[in-house]
Amino acid sequence: MFRRIKNKYLRYLLIFIYAVIIFFCCIELNFLWLFGYTPDMQDIKNPKLSVGSQVYTADGKLIGEYYRENRSPVSYKEISPSLVNALVATEDVRFYKHGAVDFFSFFTSILSTAKGDKRGGSTITQQLAKNLYETRKRTSQGLLKHVPVIRTLVFKCKEWLTAYKLEHVYNKQEILTLYLNTVPFGNNSFGIKTATLKFFNKTPDAVNPAEAATLIGMLKATSTYNPINNPDKSLDRRNTVLSQMEKYNYLSAADYNTYTKMPIGLNLSYVEDDSHGDSYIREAVERWLKKWCHENDYNLYEDGLKIYTTIDSRLQQYAEEAVAEKMKMLQKRFDGIWGKTNPWRDSKGKEIKDFLPKAEQHLPIYKLLVAKYHGDINQINQYFEKPKRMTVFTWNGEKDTTFSSADSIKYYTRILNTGMMTIEPSTGKIKVWVGGINHKYFNYDHVNQSKRQAGSTFKPFAYLTALDNGYSPCDTFIDKPVSIKYNDGGKDQVWAPNNADFKFTYQKMSLRWAMGKSVNSITAQVTEKVGWDKIVDYAHKCGIESPLKSVPSVSLGSNDVSVYEMVRAYSTFLNKGERVDPLLVTKITDQNGNILQEFALKTERVISEEVAWLMLYMFRGGMEEPDGTSLALWEYPGLWKKENQIGGKTGTSSDYVDGWYMGITKDLVTGIWVGADDRSVHFTTSESGEGSHTALPIFGSFMQRVYADPESGYTYGLFPKPWTTITKNYDCPSPRLKVDTTATDSLDMPADTSRGEPLPELKQAGINQ
C-alpha cells in the first residue's frame with residue numbers, strides 16, 4: 001500500500017511510523033517471548049508490593065524474614081511542598097508539561113552524552129515505572145536480553161509504555177506520591193516517611209527546604225551522597241539541588257543564601273523496630289547468599305524466596321542457653337575483678353588515658369559533630385557528656401537509664417562477647433551459629449566477621465604437619481628452653497618462647513602428651529623441625545583462609561582467624577582428612593515451592609585417613625594425658641556416660657584477651673571464642689581468663705544439653721575406629737606423676753590495644769601453653 005504514495009519522503013515516514021507502532025505492539029504482546037513481560041493495565045491499577053523472603057531451620061521452623069521496611073505510605077497533603085519542588089526541579093523540571101515522556105529532554109540528553117556530559121533523560125513517571133514495576137529486571141526480560149543495544153532499546157520503550165499507562169490512570173499529584181512512597185533513600189530506608197524519620201526525625205510534612213534538598217539529592221546515588229557516610233559530598237549535592245530550586249523559582253534568592261549556609265543538621269535519634277526476626281543467623285544467611293543472588297539476579301527482600309538452612313533448632317536453642325548461662329557468669333566475674341576501675345589497659349597493664357576520646361572519634365557521628373561545631377572540641381565534648389534517656393542491654397533484661405554518650409561507651413566496652421559455631425563434618429552442615437550475646441545491641445558477628453588470635457587452638461596444625469611428615473604421636477621431645485633464629489622482613493630475629501608457667505620440667509614427653517598439656521617449648525621444637533612455612537601450608541589446606549604470617553610463633557596462634565575458619569579446619573580431622581565447604585543453606589524455592597537451587601556438599605582430600613584419625617587420637621589427649629588442658633570438662637558429669645569420648649583444645653591469647661575452646665565429639669565439631677570487642681579489655685589472671693575457664697564451660701554446658709535430649713539425634717559414644725591401617729606407633733601411655741601444677745593455656749604476646757580488628761604487627765617473643 002505504501003507504493004501508492006508518490007512522495008518518497010512521505011512514504012518513508014509512514015513506513016517508519018508503522019514500524020514503530022508494530023515494534024511497540026510486539027513489546028506489549030511479548031511477541032515470540034522476545035521482549036519479556038510488560039505491565040498491563042491491571043498491574044498499573046493495582047501495583048504489587050515486593051514480597052519478602054523467609055528463612056527456615058533444617059526442621060522447618062521460621063527463624064527470620066527479609067523484606068523492605070514498612071514504607072508507611074503518606075498522602076500528597078502529608079508531603080512538604082519543599083520535597084515536591086526539590087524533586088521536580090532536580091529530576092524533571094518539565095514534569096507538569098509532558099504526558100509521561102519528555103522527548104525534548106530525551107534528545108538533549110543524547111546530545112549532552114555525545115559531548116561527554118552524561119546525564120539522564122528519564123522523567124519522574126519513567127523512573128516510577130522502572131522502580132515500581134522493575135521493567136529491567138530478570139522477570140521482565142525476553143530473549144533479546146542477550147543483544148546489548150537492542151536490549152537497552154527494549155528497556156527504554158517498556159518504560160515509555162508503562163509511563164504512559166501510569167499517566168493515563170493517575171494524575172500528577174498521585175504519581176509524585178507513588179514515587180516518593182516507593183523510592184529508596186539508602187541505609188535500608190524506603191519511602192519518604194522512613195527517610196525523613198531516619199535522617200531528621202521528622203515527618204515528611206515538617207522538613208525544611210534544606211532537609212528536602214538533602215534527601216532528594218541522595219536519589220542520584222544513595223551511597224555517594226549519604227549524609228551519614230559522606231557528609232561533605234552530601235552537602236555539595238544538597239546545595240546543587242537548592243540551586244536548581246532557585247533557578248526554577250521554587251526558592252527565593254534570599255532563602256537560597258540562607259539554606260546553603262546551613263549545616264546538614266542530621267538527627268539520628270529516631271529508632272524503628274525493623275528487626276523482622278533479625279538474628280546473627282539471618283544476617284549470616286544473607287551474606288552467604290549474596291553471591292548467589294547477584295549471579296542469579298534475585299533479591300532477598302523482594303522475590304519471595306523460601307530459604308532452608310542447615311541450622312538445627314534444638315541445638316541452636318541449647319547453644320544459646322549455654323551462652324546465656326555462662327556469659328552471664330563470666331560478666332559477673334569480670335565486673336568483680338575490675339569493679340569501678342577502667343579495664344582498658346596497654347600491654348604493661350597501665351590504663352590507656354586517651355581511650356575514651358579515641359573511642360568517640362571512631363563513632364560515625366563524630367565527623368558530623370566536627371562539621372557542625374567547626375572542630376570546637378569543647379562543644380563536641382559537651383555533646384558526648386550530655387545525659388539522655390536510653391535503653392541498654394543487661395543480663396537481667398533491658399534497662400531504661402540515663403546515660404551520656406560517653407557513659408554508654410564506657411558501659412558497653414566492658415561487656416564480654418562470644419562467637420560459637422557447630423558443624424557436622426560428615427555432611428558439612430552448620431548446626432549452630434551464635435554470632436554474639438545479643439544481636440539487637442551487638443550486630444557484629446563473632447563467627448565469621450570477627451578475627452582474633454587463636455592462641456593454643458592453632459597448635460594442632462604444627463602437630464598435624466609433624467604427623468604427616470614422618471613423626472608419630474609417640475615420638476618424644478624434652479620440655480626445655482628453645483631458641484629459634486629466623487629472618488623477618490630482612491631482619492634477623494630470635495624467638496625464645498616460655499611455657500605458660502615460666503617453668504621447664506626437662507621431662508621427655510610424647511607428642512600426644514605435649515599437645516594435650518599444651519607445652520610451648522615442645523611445640524616450638526616441632527615447629528623448628530617441620531618448618532613454619534609448612535605449618536602455614538597445612539593450616540591453609542585444612543580450611544584457614546586468613547593470611548598467616550609465616551614466623552616461628554605461628555604455631556602458637558599469633559595470627560588472627562575466625563571461629564568459622566577454625567571449625568572448618570578442625571572438621572577435616574573428623575571427616576577422614578577431607579576438607580569441607582561448610583553448608584549453611586541446603587535449598588531455595590520460590591513462593592510456590594518450586595526448587596530454584598539446591599546446594600551440595602563439596603569436599604577435597606587434604607590429608608590421609610591415617611593422619612586424620614591420629615589427629616583425633618591426639619585431641620583426646622586433652623582429656624586423657626596428665627595435666628591435659630581439657631580436664632575441666634570432667635566437671636560436667638552429663639558428658640561422660642556410656643564411655644563417651646571427647647577431644648578438644650583450649651587456647652588463650654596474650655594478657656587473656658581471647659579465650660578459645662575447640663571441642664570434638666564423634667559427630668560434631670564446635671568452636672567457641674570469648675572476649676571483649678576491644679582488645680585492651682580483658683581478664684587479669686589465668687584462673688579467670690584462660691580459655692579453659694571462659695570458652696570451655698560453654699562447650700560443656702552445651703553438650704550436656706544436647707546429650708540430655710534423646711530427640712537431638714546426637715548420642716554418647718566412642719570416637720570412630722581407624723578408617724584405615726595405622727602404620728605409626730600411637731599406643732604410648734604417659735607416666736602419671738604427682739606434680740603440683742595447674743594446666744594453663746595462654747599465649748604471652750603483646751595485646752593489640754586498638755579498637756576494632758587486629759594490628760598486623762605482632763612481636764614474636766611469646767609464651768603459649
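Accessible areas come from the Shrake-Rupley method with a 1.4 Å probe. The model shown is predicted.

**Figure 1. Overview of the protein.** The protein exposes about 35200 Å². Carbon and sulfur atoms supply 52% of that area. The fold holds 27 helices and 20 strands. Of the 769 residues, 52% are buried. Among contacts with a separation of 6 or more, 71% join residues 24 or more positions apart.

**Figure 2. Helix 8 and its cover.** Helix 8 spans residues 192-200. It is largely enclosed by the rest of the structure, because 7 of its 9 residues are buried. The buried set is Ile192, Thr194, Ala195, Thr196, Leu197, Phe199 and Phe200. Their cover includes helix 3 (81-91), helix 7 (172-182) and helix 9 (209-218). Just after helix 8 comes asparagine 201, with a positive phi of about 55°.

**Figure 3. Arginine 679 in a loop.** Arginine 679 sits in the loop between strand 20 (669-676) and helix 25 (686-689). Its relative accessible area is 3%. Buried means under 20%, so arginine 679 counts as buried. The side chain of arginine 679 reaches the backbone oxygen of lysine 451 at 2.9 Å.

**Figure 4. A nonpolar patch on the surface.** Leu10, Leu13, Phe16, Ile17 and Ile21 form this patch. Together they have about 480 Å² of accessible area. Leucine 10 lies in helix 1 (residues 8-29). At a relative accessible area of 42%, leucine 10 is partly exposed.

**Figure 5. Aromatic pairs.** The whole structure contains 31 aromatic pairs. In one, the rings of tryptophan 288 and phenylalanine 599 have centres 5.2 Å apart. Their planes stand at 75°, so the pair is edge-to-face. Tryptophan 288 belongs to helix 12 (residues 280-296), and phenylalanine 599 to the loop between strand 16 (595-598) and strand 17 (603-605). The pair therefore ties together parts that are 311 residues apart in sequence. Tryptophan 288 is partly exposed, at 28% relative accessibility.

**Figure 6. Tyrosine 661 and phenylalanine 699.** The ring centres of tyrosine 661 and phenylalanine 699 are 5.3 Å apart. With the planes at 50°, the pair is tilted. It links distant parts of the chain, 38 residues apart. Tyrosine 661 is in strand 19 (residues 658-664), phenylalanine 699 in helix 27 (residues 696-708). Both residues are buried.

**Figure 7. An aromatic cluster.** Phe393, Trp395, Phe403, Tyr411, Tyr412, Tyr441 and Phe442 make up the cluster. Ring pairs link them.

Key. Residues are numbered from 1 along each chain as its sequence is written. This is a predicted model: local features need pLDDT of at least 70, side-chain atom pairs count only at pLDDT 80 or more; totals for chains, interfaces and linings use all residues. Side-chain values use heavy atoms; hydrogens and water are left out. Helices (H or I, at least four residues) and strands (E, at least two) are DSSP runs, numbered from the N terminus. Buried means under 20% relative accessible area, exposed over 50%, partly exposed in between (1.4 Å probe, protein chains only). A polar contact is a pair of N or O atoms within 3.5 Å; within protein, one must be able to donate a hydrogen and the other to accept it, and residues adjacent in sequence count only if both atoms are side-chain atoms. Contact means heavy atoms within 4.5 Å. Patches are made of residues with over 30% relative accessible area and no salt bridge: like charges are joined within 9 Å, nonpolar side chains (Val, Leu, Ile, Met, Phe, Trp, Tyr) within 5 Å. A salt bridge is a side-chain nitrogen of Lys or Arg within 4 Å of a carboxyl oxygen of Asp or Glu. Rings of Phe, Tyr and Trp (its six-membered ring) pair if their centres lie within 6.5 Å; planes under 30 degrees apart count as stacked, over 60 as edge-to-face and the rest as tilted.
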